[in-house]
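This report describes the arrangement of chains, helices and sheets in one model. Please consult the sequence and structure shown below while reading.

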Amino acid sequence: MEFRDNKAIYLQIAEYVCEHILLGKWKAEEKVPSVRELAVELEVNPNTVMRTYELLQNKNIINNKRGIGFFITDDAIEHVKSYRKVLFMEDELPVVFRNIYLLNIGFDELEGKYKTFVKENFNA
Amino acid sequence: MNNTFNINRFGLLLKRQWLDFGKIYLISLVVLLGIVVGFYGYNIPSPLKDNNFDYDGNLDMRFRYPLFLILGFVFISIVASSYFNILGQKSRAILELMTPASTFEKFVAGVTYTAIISLFSYLLIFYLTDLAFVKYLNSHLNAFNHPGIRQAESITKEVFNDEGYRKYCSYFFAFPFLVTSIFLLGSIYFNRFHYIKTALSLMIFIGLASYLVVKFSMWIMEGKVPYHHNYRNDDKDWILLALLLITSIITIIIWAITYIRLKEKEV
Amino acid sequence: MNKQHHTLVYYLTNTVDMININNLNFGYSKHRPLFKNMSMRLSNGHIYGLLGKNGAGKSTLLKNLAGLVYAQSGTLDVMGYDPAKRQPALLEQICFIPEEFYLPSVKIDAYIKANAPFYKNFDHNYFTDLIKELDIPVEQKLINMSYGQKKKVIIAFGLATQAKLVIMDEPTNGLDIPSKAQFRKIMASAMTDERCIIISTHQVRDLDNLIDTVIMLDENDIALKATVEGITAKLTFKKVKEIDDSIIYAEPSLSGYNAVMPNYHHEESKLDMELLFNAILAEKIKFKPLFS
């Protein structure tokens, strides 16, 4: 995994975990890698992964079964989506809005672009 | 856990030190053997030579004594001088000092290698070489064509069968230990050129000490009349005993200083 | 007896500091002090990154902890022992990886045979795993190995001793790129709750995701000791187009500036250790109130 420059590592790891859940690589009620395993895989301090897991626990994406490890909750996907939505609204949308404003792009134009994008990429 | 001395740990330390020190040590033993054999081969009486007998009419083996003493000095001093020299190199000293053994164990390992093992192996090598040459010589006595020729004796027999020799030797018992202790201290005291620096310091010290002793005795004796003229054997014994005591004490003091130096060694 | 008791308390409560430095004064000569009245506590369960300019005393501090040099005054307590006494009970709990080292002219198994028995917790299987993972040739004599290979051998050996205190002086120096990645993986797995790991480094980029607490030495003392979490709670590291008053320190980059500023909006940025390092050296006074 390549870490980007701008965001705290533990948040980037949280995104990494969320990505795995959304893509179905890690499924509901499955065990996630232990703190140490993930720390070794990502070459980071285990304390950082612990912080990630605490965050994901607070968001009800994973839960801690004492003595066994961390498991993905059965409604993890819902929680991931709402978590990601907040992140998107707070972090990424303002940047997009700024460009829309600066470049004078109309909402109609955007809507059309958005629909073609969805069609091409997700066949929806 | 005993943090001063533990016999198991000490055994482990001796084994560990052998890894580093052993190779140099074995090589120097081979060199030593070569030198002893060379000297014996060159100096031993032979039918091809003219002067094969000493003034008592025995086969002339007198070259052995200076050889034994000089070579012995050189060998044990070189071995002692190379023991702690690793502490002079930063990179080696760190791993040495970080080895989980107490300073006392590290020190005793040093003494064991330099004073006991080196001395013992020197005596052994000299003894075996001498024995081999003497045996060979005795089995070829006929070649000398000399009527009444007597068998040569090994150096140990010669020394230990003679009570005078034996007594003398026992007084000088501490000398080799003194030599090793001085060079062991030199190896930790100096960071480079341990041998030369130790030898030089020793020479300067002896020179200075002799000068002072002579000056002092001249100052004490000057203008005084000798009390007794007769040579007394008791005096000699007393002096030799003092010599034994002094060399032993100095050896122990130098070892103590070495231990303290090792304790205070920083990298 | 007292010492054993001390160690026991440490294991049971987990709260006694592993290392306690109190008013340490040290200098290689009387006139040029390196540390003046330095005090610091380090505990288990962390990877400390020791940063500082050349000559700031990183190696020297590590040597003080390992008992390789002696303080002029002040006290040093490592797991209940005074490291200057060099007692075997402490030495077997310290894994010290110096920058320069020497290995004898033997193969690995002979080296292990001679050295491992000193460490009663030495884990031979773990050592074998590490040797494999680090691609160290076992048939070669240690003395003939390259600097990087030798370094990997002593790192593997040191970690296999299961020592509680791991001290590493520039461990990634001399390691090639794949070895650096292996090293990071190994350190991530070596970090346990009982261990205290201290790593000094110039090459922060090699290790910045491993370090959880930054210790910076400057001007005879500790200029900063803070967790990564603590630092990013107070400071934001980000790219900006223009410099304004809120910025404490900035360095020009391709697309504007890399800047450090107070974290007013609870942003969660990634700590840029190199930038922080330069920022503290340049703007000492501005950082003092933030971390005292």
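Is the crossing of α5(C) and α6(C) left-handed or right-handed?

## A helix pair in chain C

The crossing of α5(C) and α6(C) is right-handed; a crossing counts as left-handed if the near helix is turned anticlockwise from the far one by less than a right angle, and as right-handed if clockwise. The axes of α5 (residues 124–133) and α6 (residues 147–160) of chain C come within 9 Å and cross at roughly 155°. Axes here are lines fitted to C-alpha atoms, for helices over the stretch in contact, and angles run from 0 to 180 degrees between N-to-C directions. The two helices, α5(C) and α6(C), are therefore roughly antiparallel to each other, in a scheme where angles under 35 degrees count as roughly parallel, over 145 as roughly antiparallel, 65 to 115 as roughly perpendicular and the rest as oblique. Helices (H or I, at least four residues) and strands (E, at least two) are DSSP runs, numbered from the N terminus.

On the α5(C) side, Tyr126(C), Phe127(C), Leu130(C) and Ile131(C) meet Ala156(C), Phe157(C), Leu159(C) and Ala160(C) of α6(C). Contact between two residues requires that their C-beta atoms, placed from the backbone, lie within 7 Å. The residues of this contact between α5(C) and α6(C) comprise 8 nonpolar, no polar and no charged. In this classification Ala, Val, Leu, Ile, Met, Phe, Trp, Tyr, Cys and Pro count as nonpolar, Asp, Glu, Lys and Arg as charged, and the others, Gly among them, as polar.

## Basis of the model

The model is predicted: local features need pLDDT of at least 70, side-chain atom pairs count only at pLDDT 80 or more, and totals for chains, interfaces and linings use all residues. Residues are numbered from 1 along each chain as its sequence is written, while chains are lettered from A and ligands numbered from 1 in the order in which they are written.

## Sheets of chain C

One open sheet of chain C has 6 strands in the order β5-β6-β7-β3-β8-β9, with mixed pairing; strands pair if DSSP finds at least two bridges between them. At the edges stand β5 (94–97) and β9 (221–227) of chain C, each with a single partner strand, so one side of each has no neighbour in the sheet. Direction ignored, neighbouring strands of this sheet are turned by 15° against each other on average. Within it, β6 (residues 165–169) and β7 (residues 196–200) of chain C run parallel and are joined by 5 bridges. Met168(C) stands opposite Ile199(C) in β7(C).

Another open sheet consists of 3 strands of chain C, ordered β10-β12-β11, with antiparallel pairing. Its edge strands are β10 (235–240) and β11 (249–253) of chain C, each pairing on one side only. In β12(C), Asn258(C) is the residue opposite Lys239(C).

Chain B contains 9 helices and 0 strands. Its C-alpha atoms fill a box of roughly 70 × 60 × 35 Å, taken along the principal axes.

Of the 2 pairs of chains in contact, chains B and C share the most contacts. Here 23 residues of chain B are in contact with 25 residues of chain C. On the chain B side, the elements giving two or more residues are α1 (7–43) and α3 (90–98) of chain B. The greatest contribution to that side comes from α3(B), with 7 residues. By class, the side of chain B that touches chain C has 10 nonpolar, 6 polar and 7 charged residues.

## Chain A

Chain A is assigned domain 1 (9–76) and domain 2 (78–122), with bounds that come from an automatic or database domain assignment. The centres of domain 1 and domain 2 of chain A, taken over C-alpha atoms, are separated by 27 Å. Their contact takes 9 residues from domain 1 of chain A and 5 residues from domain 2 of chain A. On the domain 1 side, helix α1 (residues 9–22) of chain A gives the most, with 3 residues. That side of domain 1 of chain A has 5 nonpolar, 2 polar and 2 charged residues.

Chain A and chain B do not touch, and their nearest C-alpha atoms are 27 Å apart.
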